[in-house]
Amino acid sequence: MRQVNVALGSRSYQVYIGDGLLAQTGSYLRERRFADRLVVIADTAVKKLYGAKLVGELESCGFQVSILEVPAGEEHKSLDSAGRLYQELTAVNAERMTPILALGGGVIGDLAGFVAATYQRGVPLVQIPTTLLAQVDSSVGGKVAVDHGQLKNMVGAFYQPEMVIADIGTLKSLPEEELVNGLAEVIKSAAIRSDSFFSFLEENIDRIKSLDAGILEQVVFESLKIKAGVVAEDERDTGLRHILNYGHTIGHAVESVSDFEIKHGKAVAIGMVAAARIANKLGMLDDSEVERLKQLIEQAGLPTKLPEIGVEKVMLAMQHDKKVQAGKARFVLLNKIGDVVVTDEVTPSLIKEVLTRNEPA
Ligand SMILES: NC(=O)c1ccc[n+]([C@@H]2O[C@H](COP(=O)([O-])OP(=O)(O)OC[C@H]3O[C@@H](n4cnc5c(N)ncnc54)[C@H](O)[C@@H]3O)[C@@H](O)[C@H]2O)c1
Ligand SMILES: [Zn+2]
């Protein structure tokens, strides 16, 4: 088991990372003197896989547990779902000190987190992420939200959990596509902050893909150390935290033009390679480093090129992005693997050129 501390003063918390940690949840909660009544929120699929196991473990530690269920899928990360959960929380007599345990991927983490932030003006939150994406990214940092209208994460808050328990063992049941999706954020973390972690990924990509528990534990640990370090310096996303958006400026546009058919991880992978080629054209990132990034992304099973969805549409979608200020898209660019700058000086014509030619550097 490894631990990462998210250092946020009086709101600091621990992330526990290890194989089989679901079985430790009760004792971790007891150590922190949590209230005897708990509510678990899970999606239907995750509840079926791990709900009974978690509830049984908590009950054996003397907790009284209710489990609430939400259908799986991004379309349920909504105010409607939140509204239904508020009613169900009331029905099970959840009170101000009743912790909510978010058991699942990023959708449940964001939705249950949003509900925890708002129900009775905020109840304690514990994140128990079960996808690679949620373990390396969404469960840490305190961004909670629901989608609204056509816009993702439109309504939300910054609300830090009391604790995060990442059981690597739960990744064994994850569909390959979801594992690969999470790998995009892992590669992103290494690319922006750590050449040595990037080399580790290059050396171990096959063992990662074959779900070697020891290697996965290290991957989640290293990724979270990077995320926790950035969040500790810029909790509210006013400066440094922007670097976590590497590959996301183009990535978000690709996602939305494809009507979310292209999953987030794949879109970010395309965005990371495009941003690397932009940096290369600006004389920042060497050819060999662009090639390293491209190769690792390919070996992870992620795309490196924009599919036939229309460069013009992607350009237009970028203009609507949250990260666009005064009409200029903000880009995170690599100087080298492990080192980035944030700039709004990338011209639309350069973006277009890189996306249109869509070729290796
Ligand atoms: N808050 C943040 O900082 C942050 C960061 C990145 C992404 N996000 C959000 O995260 C969401 C995406 O999260 P996600 O990719 O985890 O998707 P998800 O929560 O939809 O999970 C993907 C699928 O995997 C299933 N699943 C989950 N755990 C499983 C397991 N162990 N075994 C088998 N199946 C399992 C789920 O039922 C679901 O069908 C998006 O809504 C995104 O906006 C938030
Ligand atoms: Zn992302």
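Trainee: Where does Arg-121 lie?
Mentor: Arg-121 sits in the loop between α4 and β6. Keep in mind that this is a predicted model.

Trainee: Is Arg-121 buried or exposed, and how do you know?
Mentor: Its relative accessible area is 79%. The cut-off for exposed is over 50%, so Arg-121 counts as exposed.

Trainee: What is said about phi of Arg-121?
Mentor: Phi is near 60°, a positive value, and the residue is something other than glycine. Asn-93 also has a positive phi, about 60°, although it is not a glycine.

Trainee: Where is Asn-93, then?
Mentor: In the loop between α3 and β5 (100-104).

Trainee: And what makes Asn-93 buried or exposed?
Mentor: Look at its relative accessible area, 53%. Exposed means over 50%, so Asn-93 is exposed.

Trainee: Moving on to the rings. How many aromatic pairs does a search of the whole structure find?
Mentor: Three aromatic pairs turn up. One of them is Tyr-86 with Tyr-119.

Trainee: Why is the pair of Tyr-86 and Tyr-119 called stacked?
Mentor: Take it in two steps. The ring centres are 6.4 Å apart, and pairing asks for centres within 6.5 Å, so the two rings do pair. Their planes meet at 15°, and planes under 30 degrees apart count as stacked, so that is the label for this pair.

Trainee: Which parts of the chain does the pair link?
Mentor: Distant ones: Tyr-86 is in helix α3 (residues 79-91), Tyr-119 is in the loop between α4 and β6 (125-129), and 33 residues separate them.

Trainee: Is Tyr-119 buried or exposed?
Mentor: Buried, because its relative accessibility is 7% and the cut-off is under 20%. Tyr-86 comes out at 25%, which falls between 20% and 50%, so Tyr-86 is called partly exposed.

Trainee: What about Ile-108, buried or exposed?
Mentor: Ile-108, placed in helix α4, has a relative accessible area of 2%. Buried is anything under 20%, so Ile-108 is buried.

Trainee: Now the ligand. Which residues come nearest to ligand 1?
Mentor: Asp-43, Glu-74, Thr-130, Thr-131 and Ser-173, out of the 27 residues around it.

Trainee: What makes the pair of atoms from Glu-74 and ligand 1 a polar contact?
Mentor: A polar side-chain atom of Glu-74 is 2.6 Å from an oxygen atom of the ligand. The limit is N or O atoms within 3.5 Å, so this pair qualifies. Two further pairs pass the test as well: a polar side-chain atom of Thr-130 lies 2.8 Å from a nitrogen atom of ligand 1, and a backbone N or O atom of Thr-170 lies 2.9 Å from a nitrogen atom of ligand 1.

Trainee: How much of ligand 1 does the protein bury?
Mentor: Taken alone the ligand exposes 870 Å², and the protein buries 86% of that.

Trainee: Which elements give two or more residues to the shell around ligand 1?
Mentor: They are α2 (44-60), α4 (106-118), α5 (132-138), β8 (151-158) and α6 (176-193). The largest share, four residues, comes from α2. By type, the shell divides into nine nonpolar, nine polar and nine charged residues.

Trainee: Back to Glu-74: where is it found?
Mentor: In the loop between β4 (64-70) and α3.

Trainee: And what makes Glu-74 partly exposed?
Mentor: Its relative accessible area is 31%.

Trainee: How do you know that the length of helix α8 agrees with what it should span?
Mentor: Helix α8 (residues 213-233) has 21 residues and, at 1.5 Å a residue, should span 30 Å. The end C-alpha atoms are 30 Å apart, so the two values agree.

Trainee: Which residue caps the N-terminal end of α8?
Mentor: Asp-212 does, with a side-chain oxygen 3.0 Å from the backbone nitrogen of Gly-214.

Trainee: One more on accessibility: is Ile-262 buried or exposed?
Mentor: Ile-262 is found in the loop between α9 (248-257) and α10 (264-281). Its relative accessible area is 14%, and under 20% means buried, so Ile-262 is buried. Asp-344, in the loop between β13 (339-343) and α13 (348-357), stands at 35% and therefore counts as partly exposed.

Conventions. Residues numbered from 1 in each chain as written. Chains lettered and ligands numbered in written order. Predicted model: local features only at pLDDT ≥ 70, side-chain atom pairs only at ≥ 80, totals over all residues. Heavy atoms only, no water. Near = heavy atom within 4 Å. Polar contact = N/O pair within 3.5 Å; in protein donor to acceptor, adjacent residues only side chain to side chain. Areas by Shrake-Rupley, 256 points an atom, 1.4 Å probe, with all protein chains shown as cover. Nonpolar A, V, L, I, M, F, W, Y, C, P; charged D, E, K, R; others polar. Expected span 1.5 Å × (residues − 1). Phe/Tyr/Trp six-rings, centres within 6.5 Å; stacked < 30°, edge-to-face > 60°. Buried < 20%, exposed > 50% of the residue type's maximum accessible area, 1.4 Å probe, protein only.
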